[in-house]
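Please look through the sequence and the model first, and then follow the paragraphs below from a pocket to the sheet, its helices and a few loop residues.

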Amino acid sequence: GLRDAPTRDRERRERARRTADDGRRTTPRRGKMRATTMRQSSAVTGTRARTTRGARAARPRATTTTRAGLNVDLRGKKAFVAGVADDNGFGWAISKALSEAGAEVILGTWVPALNIFETSYRRGKFDESRKLSDGSMMTFSKIYPMDAVFDAMDDVPEDIATNKRYAGNEKWTVSEVAKCVEEDFGKIDVLVHSLANGPEVAKPLLETSRKGYLAAISASSYSNVSMIQHFGPLMNKGGAAISLTYLASEQIIPGYGGGMSSAKAALESDTRVLAYEAGRKWGIRVNTISAGPLGSRAAKAIGFIDKMINYSLSNAPLKEKPLEAIEIGNTAAFLCSPLASGITGATIYVDNGLNAMGLAETAPEISG
């Protein structure tokens with residue numbers, strides 16, 4: 001039947017109370033809701049962090065290279081090195097350092113020495129010296145016959161042109177070699193002059209003939225001028241030319257005669273002038289390295305090189321430290337690299353500091 005009004009009112013109030021109680025149980029207060037949300041967020045964040053750390057741990061660790069400092073980088077550069085005829089001189093050491101730095105090396109070898117050098121190279125006699133730090137072997141893109149005493153074939157006297165040691169070779173004067181290099185390789189970036197000759201080097205200057213004196217100047221200093229004249233036009237802007245000099249250019253070295261001290265002085269003076277002229281004309285740098293005594297095949301011609309080496313060992317600031325050819329090579333590589341882009345017209349000493357000495361402490365008057 002029909003319920004009376006009071007009964008219906010009680011039922012409506014009861015339903016309203018139950019609905020309110022249910023709402024309070026299912027909807028948390030605002031503060032509790034915020035705390036719950038933050039706890040949930042922290043839990044999710046923690047899960048994500050653990051997942052990321054786990055993923056990093058699961059991935060194989062990438063190989064990292066520790067950078068010990070600035071690197072000499074000559075990758076993509078082409079270098080022409082004149083004066084390499086064996087594996088124990090400065091020219092070889094410079095070629096090796098340039099190769100270590102990534103440069104492509106092209107050689108110019110004195111014509112009379114070319115055959116024996118190429119034969120030794122092919123037969124593996126230089127293999128031990130050719131090994132680079134990464135285990136690979138130094139290679140030369142091409143070896144040209146070259147005699148830097150002559151600029152063109154018109155300058156070659158008959159006795160040289162018909163000499164059997166030159167037979168079978170052609171295009172070996174400076175201008176011809178430069179042209180061949182340009183045809184074969186295009187532009188180059190590095191030019192190295194590592195050659196010298198003084199036919200009367202064992203004679204004191206007072207006993208040196210005009211012919212011997214001028215021969216020393218021609219082979220040891222003007223040859224550098226000629227090389228830069230002819231190779232300069234095919235060098236990229238920013239390229240570098242290097243030569244080798246010796247302390248006798250500015251200090252008296254008894255026994256280093258035949259005009260060779262004068263030739264080295266001229267070489268250093270020319271370095272400064274060429275730095276200006278070639279820098280303005282082609283945008284290249286010109287420097288020379290004053291190397292300490294080394295017992296190379298060429299140095300043996302002086303006759304007292306072993307005494308000079310011993311003198312340096314006893315009297316240089318870096319006493320008892322042997323000078324290694326590769327130290328000159330590494331210096332050359334640096335000077336030819338972008339790291340030395342602001343250095344030109346300079347004479348750089350690599351001699352364990354011997355150039356700085358004014359008095360030998362081993363002299364009997366001092367040591368006694």
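For sorting residues by class, Ala, Val, Leu, Ile, Met, Phe, Trp, Tyr, Cys and Pro count as nonpolar, Asp, Glu, Lys and Arg as charged, and the others, Gly among them, as polar. By that scheme, the lining of the second largest pocket holds eleven nonpolar, three polar and no charged residues. The model is a predicted one, in which local features need pLDDT of at least 70 and side-chain atom pairs count only at pLDDT 80 or more, while totals for chains, interfaces and linings use all residues. Residues are numbered from 1 along each chain as its sequence is written, and side-chain values use heavy atoms, with hydrogens and water left out.

The second largest pocket contains about 280 Å³ of space; of the 14 residues that line this pocket, L247, I252, I253, Y311 and M357 are the closest to its centre. On a 1 Å grid over the protein atoms alone, a pocket is an open set of points where a 1.4 Å probe fits, with protein on both sides within 12 Å along at least five of seven lines, and lining residues have an atom within 4 Å of a point. Grid points are joined across faces, edges and corners, and the volume is the space filled by probe spheres set on the points.

The secondary structure of the chain comes to twelve helices and seven strands, these being DSSP runs numbered from the N terminus (helices H or I, at least four residues; strands E, at least two). Seven strands form an open sheet with parallel pairing, in the order β3-β2-β1-β4-β5-β6-β7, where two strands pair if DSSP finds at least two bridges between them. β3 (143-146) and β7 (347-350) stand at the edges with a single partner strand each, so one side of each is left without a neighbour in the sheet. Neighbouring strands of this sheet are turned against each other by 20° on average, direction ignored. Strand β2 (residues 104-110) pairs with β3 over four bridges, and T109 has P145 in β3 as its bridge partner. β1 and β2 are joined by five bridges, also in the parallel sense, with E104 in β2 as the bridge partner of K78.

Helix α8 (residues 210-231) packs on the sheet, touching β1 (78-82), β3, β4 (188-193), β5 (235-245) and β6 (285-291), and its direction makes about 170° with that of β4. Contact here means heavy atoms within 4.5 Å, and axes are lines fitted to C-alpha atoms, for helices over the stretch in contact, with angles from 0 to 180 degrees between N-to-C directions.

Burial can be followed next, with buried meaning under 20% relative accessible area, exposed over 50%, and partly exposed in between (1.4 Å probe, protein chains only). Of the 368 residues of the chain, 40% count as buried. In β2, five of the seven residues are buried, and in α3 (90-100) ten of the eleven are, so that helix is largely enclosed by the rest of the structure. Helix α11 (residues 325-335) has buried residues including A325, I328 and L335, and what covers the buried residues of α11 includes α3, β5, β6 and β7.

Finally, consider the loops. Most residues other than glycine have a negative phi. K171, however, has a positive phi near 55°; K171 sits in the loop between α6 and α7 and is partly exposed at 44% relative accessibility. E320, with a positive phi of about 65°, lies in the loop between α10 (305-315) and α11 and counts as exposed at 52%.
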